Amino acid sequence: MKLSTKGRYGLRAIIDLAMNGQDGPVPISSIASRQSLSESYLEQLMAKLKKAGLVTSIRGAQGGYFLAKSSDEISVGDILRALEGDINPVDCIALTQDGKLKCKNSSLCVSKYVWKRINDSITETVDAIKLSTLLEETLQ
């Protein structure tokens with residue numbers, strides 16, 4: 001699985017927000033400056049994170065962004081799904097709305113077992129890593 005800049009930059013941004021948001025909302029310009037990111041691109045990422053309920057914002061001169069939940073309630077999986085959408089390594093193991101595999105050849109496909117195992121491992125890993133753990137690692 002290869003993450004796009006949305007996932008990589010968004011993860012950096014939300015870690016920055018968690019580290020610097022204890023005293024109030026963090027302006028997007030501050031995050032962009034510290035992380036060397038475009039403010040307009042960061043606004044797009046924050047909009048996705050806000051829609052997913054991971055961050056919230058306050059408008060105005062003293063406004064900015066802050067976490068909508070505590071850092072131990074937000075997983076890396078939550079962040080990546082909000083920014084990237086489905087994080088399956090291949091489309092053939094994705095599920096339809098009714099819970100069936102999207103791939104029409106899944107009943108004949110032996111390799112789906114490999115992709116499913118890889119997906120399960122990725123999902124388990126990103127869901128187990130909490131934002132609070134990343135903060136602890138950053139501060140060491």
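**Reading salt bridges, a core and a surface patch**

Guide: Arg-81 and Asp-127 are joined by a salt bridge in which the closest N and O atoms are 2.9 Å apart. Arg-81 belongs to helix 4 and Asp-127 to helix 5, so this pair ties together parts that are 46 residues apart in sequence. Please keep in mind that the model is predicted.

Visitor: How many salt bridges does the structure hold, and how should I read such pairs?

Guide: Side chains of opposite charge can pair when their charged atoms come close. The structure holds 3 salt bridges. One of them joins the side chains of Arg-34 and Asp-16, with an N to O distance of 2.7 Å; since Arg-34 lies in helix 2 and Asp-16 in helix 1, this pair ties together parts that are 18 residues apart in sequence. Asp-120 also forms a salt bridge with Lys-116, at 3.0 Å between the closest N and O atoms, and these two residues, 4 apart in helix 5, are separated by about one helical turn.

Visitor: Is Asp-16 buried or exposed?

Guide: Asp-16 counts as buried because its relative accessibility is 3%, and the cut-off for buried is under 20%.

Visitor: Which residues of helix 2 are buried, and what covers them?

Guide: In helix 2, which spans residues 28-35, the buried residues are Ile-28, Ile-31, Ala-32 and Gln-35. Viewed down the helix axis they fall within an arc of 100°, so they line one face of the helix. Their cover includes helix 1 (5-20), helix 3 (39-51) and strand 2 (64-67). Just after helix 2, Ser-36 takes a positive phi of about 55°.

Visitor: How should I read the nonpolar core, and which residues have the most contacts inside it?

Guide: In soluble globular proteins, nonpolar side chains tend to be buried together. Here the largest nonpolar core has 31 residues, and Ile-14, Met-46 and Leu-49 are those with the most contacts inside it. Helix 1 gives the most to this core, namely 6 residues. If neighbours within four places in sequence are left aside, Met-46 is in contact with Ala-13, Leu-17, Ile-28, Ile-31, Val-55 and Tyr-65.

Visitor: Which residues form a nonpolar patch on the surface?

Guide: That surface patch is formed by Tyr-113, Val-114 and Ile-118, which together have about 280 Å² of accessible area. Tyr-113, found in helix 5 (residues 112-128), counts as exposed at 52% relative accessibility, the cut-off for exposed being over 50%.

Notes: Residues are numbered from 1 along each chain as its sequence is written. This is a predicted model: local features need pLDDT of at least 70, side-chain atom pairs count only at pLDDT 80 or more; totals for chains, interfaces and linings use all residues. Side-chain values use heavy atoms; hydrogens and water are left out. Patches are made of residues with over 30% relative accessible area and no salt bridge: like charges are joined within 9 Å, nonpolar side chains (Val, Leu, Ile, Met, Phe, Trp, Tyr) within 5 Å. Accessible areas come from the Shrake-Rupley method with a 1.4 Å probe; for residues, only the protein chains shown count as cover. A salt bridge is a side-chain nitrogen of Lys or Arg within 4 Å of a carboxyl oxygen of Asp or Glu. Buried means under 20% relative accessible area, exposed over 50%, partly exposed in between (1.4 Å probe, protein chains only). The arc is that of the directions from the helix axis to the C-beta atoms. Contact means heavy atoms within 4.5 Å. A nonpolar core is a set of buried Ala, Val, Leu, Ile, Met, Phe, Trp, Tyr and Cys residues joined through side-chain atoms within 4.5 Å.
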